[in-house]
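Student: I'd like to learn how to read the features of a structure like this one. Could you walk me through it?

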Number of protein chains: 2
Amino acid sequence: MNDVINLAQKLSLFDERWSPKTIARLNDYEIKVAKLEGDFIWHAHDDTDELFIVLQGQLTIQLRDRDLMLSEGELFVVPRGVEHCPHTDGEVKVLLIEPVGVVNTGDAESSLTASPETV
Amino acid sequence: MNDVINLAQKLSLFDERWSPKTIARLNDYEIKVAKLEGDFIWHAHDDTDELFIVLQGQLTIQLRDRDLMLSEGELFVVPRGVEHCPHTDGEVKVLLIEPVGVVNTGDAESSLTASPETV
């Protein structure tokens, strides 16, 4: 049986940036936390939407036609197929929800591609 | 195209208890916020897990074999088919994620059954 999960405690278990860690599962979706800092890469997920919820800090999600600014307590769903590039000016903590098996860099090959990991 | 969603702003739009409001969609899942206060009813969702994330306050999720206490920044996934009964001693604000069409009272008929609503 599942246990209660504390987001801050899970975030304290790692320090890597841009490397989402799975903390729970909801049917065929994974709930992940991540620490973001600096620039990610442009990519899209052709088969799925992607949910970002900002837990701490300020996140910019660059889209091709505009930039979105998310603060703590704000969320955005990147629609499937939409190119996006996260950026931050400092450390940002986020909650992500997406189907099992989604790769962080989507359709882009990159040294930032992270392996699945559960904490 | 979607917009940035502020959880506190969405929660300010209604005052009903035990009546989750949809604020965004992630593929075939709905992201909802709700205000909880007092006692809900025992129920289960036979076809799906259900994610609770506490945004403010303290939530007790009673299971048949134990009580779980969730504070702000904590989450719990109620596995499909598991009977549960939320309870609070004051107002609690939560984020819920579950497939489109899930009814708040699951398999139980009740005056607390809420109609789907988007805010």
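This is a predicted model: local features need pLDDT of at least 70, side-chain atom pairs count only at pLDDT 80 or more; totals for chains, interfaces and linings use all residues.

Student: What pLDDT does chain A average?

Tutor: pLDDT is the predictor's confidence in each residue, from 0 to 100. Chain A averages 95, and 99% of the residues score at least 70. For the complex, the predictor gives an ipTM of 0.93 and a pTM of 0.94.

Student: Which rotation superposes chain A on chain B?

Tutor: The general idea is that two copies of a chain are related by a rotation about an axis and a shift along it. The superposition is by least squares on the C-alpha atoms of residues with pLDDT of at least 70 in both copies. Here, a rotation of 180 degrees with 0.0 Å of shift along its axis places chain A on chain B, with an RMSD of 0.0 Å. That is the relation of a two-fold axis. The same surface serves both copies, as 100% of the contact residues of chain A recur in chain B; contact means heavy atoms within 4.5 Å.

Student: Now for charges. How many salt bridges are there over all chains?

Tutor: Side chains of opposite charge can pair when their charged atoms come close. A salt bridge is a side-chain nitrogen of Lys or Arg within 4 Å of a carboxyl oxygen of Asp or Glu. A search of the whole structure finds 24 of them over all chains.

Student: Which residues does Asp15(A) pair with?

Tutor: Asp15(A) forms a salt bridge with Arg17(A) at 3.3 Å, N to O, and another with Lys35(A) at 3.5 Å. Asp15(A) lies in the loop between helix H1 (7-11) and strand S2 (21-26) of chain A, while Lys35(A) is in strand S3 (residues 29-36), so the pair ties together parts that are 20 residues apart in sequence. Helices (H or I, at least four residues) and strands (E, at least two) are DSSP runs, numbered from the N terminus.

Student: Are Asp15(A) and Lys35(A) buried or exposed?

Tutor: Buried means under 20% relative accessible area, exposed over 50%, and partly exposed in between (1.4 Å probe, protein chains only). Asp15(A) is exposed at 55%, whereas Lys35(A) is buried at 7%. Arg17(A), at 25%, counts as partly exposed.

Student: Where does Glu91(A) lie?

Tutor: Glu91(A) meets Arg17(A) in a salt bridge at 3.2 Å, N to O. Glu91(A) lies in the loop between strand S8 (84-87) and strand S9 (92-99) of chain A and Arg17(A) in the loop between H1 and S2, so the pair ties together parts that are 74 residues apart in sequence. Glu91(A) is partly exposed at 32%. A network of salt bridges links Asp15(A), Arg17(A), Lys35(A), Glu37(A) and Glu91(A).

Student: And in chain B, what does Lys35(B) touch?

Tutor: Lys35(B) sits in strand S3 (residues 29-36) of chain B and is buried, at 6%. Not counting residues up to four places away in sequence, its contacts include Leu11(B), Trp18(B) and Glu91(B).

Student: How many aromatic pairs does the search find?

Tutor: Rings of Phe, Tyr and Trp (its six-membered ring) pair if their centres lie within 6.5 Å; planes under 30 degrees apart count as stacked, over 60 as edge-to-face and the rest as tilted. The search finds three such pairs over all chains. In one of them, the rings of Tyr29(A) and Tyr29(B) have centres 4.3 Å apart and planes at 50 degrees, so the pair is tilted. Tyr29(A) lies in strand S3 of chain A and Tyr29(B) in strand S3 of chain B, so the pair joins two chains. Tyr29(A) is buried, at 5%, and Tyr29(B) is buried, at 5%.

Student: What is phi of Trp18(A)?

Tutor: Phi of Trp18(A) is near 60 degrees, a positive value in a residue other than glycine. Trp18(A) lies in the loop between H1 and S2 of chain A and is buried, at 8%. Asn27(A) has a positive phi too, near 55 degrees; Asn27(A) is in the loop between S2 and S3 of chain A.

Technical notes:
Residues are numbered from 1 along each chain as its sequence is written. Chains are lettered from A and ligands numbered from 1 in the order in which they are written. Side-chain values use heavy atoms; hydrogens and water are left out.
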